[in-house]
Amino acid sequence: MPELPEVEALAADLRERAVGRVIDQAFIAEFSVLKTYDPPLTALHGATLGGTARRGKFLDLSCSPADGGAPPHLVTHVARAGWLRWRDELPQQPPRPGKGPLAFRLRFADGAGFDLTEAGTRKRLAVYLVRDLADIPGVASLGPEPLDPRFTADTLAGILADRRTQIKGVLRDQKLIAGIGNAYSDEVLHAAKMSPFRLASSLSAQEVESLYRVMVGTLTEAIGRSDGLAASDLKKEKKAGMRVHGRTGQPCPVCGDAVREVSFADSALQYCATCQTGGKPLADRRMSRLLK
Ligand SMILES: [Zn+2]
């Protein structure tokens, strides 16, 4: 799933390619993808793509209607198995619903456009057309942006204070901090040499300060790597830039120990025991429960 750095790069890529282009039509190929009905998608016809932006893991395309009315926002949240693919020339035929991974298509008047695709059977990719970003509940409830200059070590301290939950869960909770998901929370905690199971409230002021610096550094570095890449190359780049996430069994680039995996919430997390937990593997709660 694209997280903050990749969505930032998607917004930059689309800004370069598509801002100023006139929209011809939006197509729904997977019925469940569109989460709003007012304004209707037909409101996009003849509108000019005015700008692109990111909020959390949401990609926001602001469109200026031909009649000069209020610009609606075409917003998408690319889920775990979803992706955006730019195409210089889209097929003339409208897509047939329910065939293959295509979920949504936006076509510009010059024939170019992009597809939103989602592999697998669990369809979670979402598209919204709204007058105000805050009309999307998932956007309205987002926590602060970690790379916003107003987000300081004190902001992070405020988020962690009295929170008796594991730091891994806090970092990827969109309502607390916007844009960090399963992958970058693994990476941030590895870079901070911190156990993902540490209780958020147990961090010392010094640890919060260091976690803050590492979080900003990790995200900024990832944005730097993605900068200038086309949408189609982002997934590969994200994977290649990971030190522990998705690398179970491979050597930790810092100490050489094998990267380990433990179940967490609805999925799994990866970490290095030598770097993060004093060499002691984390107990897999799901597993130990099963064994009891
Ligand atoms: Zn290590």
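**View 1. The largest pocket and the residues around its centre.**
The largest pocket of the predicted model has a volume of about 990 Å³. Its lining is made up of 37 residues, and those closest to the centre of the pocket are M1, E3, K57, R80 and N182. By class, the lining of this pocket comprises 12 nonpolar, 12 polar and 13 charged residues.

**View 2. Helices and strands that contribute to the largest pocket.**
Two strands, β5 (82-87) and β8 (126-130), each supply at least two residues of the lining of the largest pocket. The helices α5 (182-191) and α7 (231-240) likewise each supply at least two. The largest share belongs to α7, which provides three residues of this lining.

**View 3. The second largest pocket.**
The second largest pocket has a volume of about 160 Å³. Its lining consists of Y184, E187, A191, V214, G217, T218, E221, A222, R225, G241, M242 and R243. The elements giving two or more residues to this lining are α5 and α6 (205-226). Helix α6 accounts for the largest share, with six residues. Sorted by class, the lining of the second largest pocket contains five nonpolar, three polar and four charged residues. Helix α5 also supplies at least two residues to the lining of the largest pocket.

**View 4. The open sheet of four strands.**
Four strands form an open sheet in the order β2-β3-β4-β8, and their pairing is antiparallel. The edges of the sheet are β2 (48-55) and β8, each of which pairs on one side only. From one strand to the next, the twist averages 20°.

Strand β2 pairs with strand β3 (residues 58-64) in the antiparallel sense, over seven bridges. Within this pairing, which residue of β3 is the bridge partner of A53? The partner is D60. Helix α1 (residues 4-18) lies across both β2 and β3. The helix runs at about 165° to β2.

Note on methods: Residues numbered from 1 in each chain as written. Predicted model: local features only at pLDDT ≥ 70, side-chain atom pairs only at ≥ 80, totals over all residues. Heavy atoms only, no water. 1 Å grid on protein atoms, 1.4 Å probe; cavity = no way out; pocket = protein on both sides within 12 Å on 5 of 7 lines; lining within 4 Å. Points joined across faces, edges and corners; volume = space filled by probe spheres on them. Nonpolar A, V, L, I, M, F, W, Y, C, P; charged D, E, K, R; others polar. Pairing = 2+ DSSP bridges. Axes fitted to C-alpha atoms, helices over the stretch in contact; angles between N-to-C directions. Contact = heavy atoms within 4.5 Å.
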